[in-house]
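Dear colleague,

Please find below the structure that I am handing over to you. My notes on what was found in it follow directly after.

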Amino acid sequence: MVSVMRSCIQSILKLVNCLIGMVGIAMVLYSIWLIRVWEREMGGFPFFEDDDDFTPWFIYTFLGLGITLSVITCFGHIAAETANGCCLYLYMLFIFLLLMLEAGVTADVFLNRDWEEQDFPKDPSGSSDQFTGFVRSNFELCKWIGLSIVSVQGLSFLVAMMLKAIGPHPSYDSDDDYASDRAPLLKDVVHPPPYVVGNPVMGSRNNAWSIRITKKMNQANR
């Protein structure tokens, strides 16, 4: 029963982890498209700009978040497959930090009306303004997409906690757990007698010789 429940929880964790990975891959692909647009308009890649005021930070941020989500997804698959306690703890830590970052950004956007001018520098690529305009024009759609992403991340955190509570599969346990099962086999071992170095024992030959002499003497008396 426990093994069946463990398998189901592992499958659920892999499923929600795949959704997080899809978001990360989508962000990486969007960043690659932005880099292609920048190269076509500026005649070079955005990674080799020396001027800090001309740095396309929005592209960097989106690409970094996409790569981070992809790495967390790979780590989550390893944790879900092995159900190792250390891997699950690190995975939950990454998800918790990600949720805290999203909560902080969301609180800043809703509480600070001038967040665009005060908290973020000007984006020379114009991608930030385009993205902000798209979110504002499709606020309801973007709101539900954001809530869905946060819900998936929270669900992955809870599922990882459940898998940690159940524990790993017995095949991943250490050999110390089976030491008590192997110990009784050693109790019935018969050790060979020690070898004694010395003169050979001739008692059996002497007895046979004396019996033969006695028989010959009896025959002679008759």
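Read along the sequence, the protein chain runs α-α-α-α-α-α-α-α, that is, eight helices and zero strands. Helices (H or I, at least four residues) and strands (E, at least two) are DSSP runs, numbered from the N terminus. This is a predicted model, in which local features need pLDDT of at least 70 and side-chain atom pairs count only at pLDDT 80 or more, while totals for chains, interfaces and linings use all residues. Residues are numbered from 1 along each chain as its sequence is written, and side-chain values use heavy atoms, with hydrogens and water left out.

Of the 222 residues in the protein chain, 25% are buried (under 20% relative accessible area; exposed is over 50%, partly exposed in between; 1.4 Å probe, protein chains only).

The count of salt bridges comes to two, a salt bridge being a side-chain nitrogen of Lys or Arg within 4 Å of a carboxyl oxygen of Asp or Glu. One joins Glu-81 to Lys-14, with the closest N and O atoms 2.5 Å apart. Glu-81 belongs to helix α2 (residues 57-82) and Lys-14 to helix α1 (residues 2-42), so this pair ties together parts 67 residues apart in sequence. Glu-81 is partly exposed at 42% relative accessibility, as is Lys-14 at 27%.

In the other, Glu-140 meets Lys-143 at 3.3 Å, N to O. Both residues lie in helix α6 (residues 139-166), three residues apart, about one turn of the helix. Glu-140 is partly exposed at 46% relative accessibility, and Lys-143 is partly exposed at 33%.

Yours sincerely
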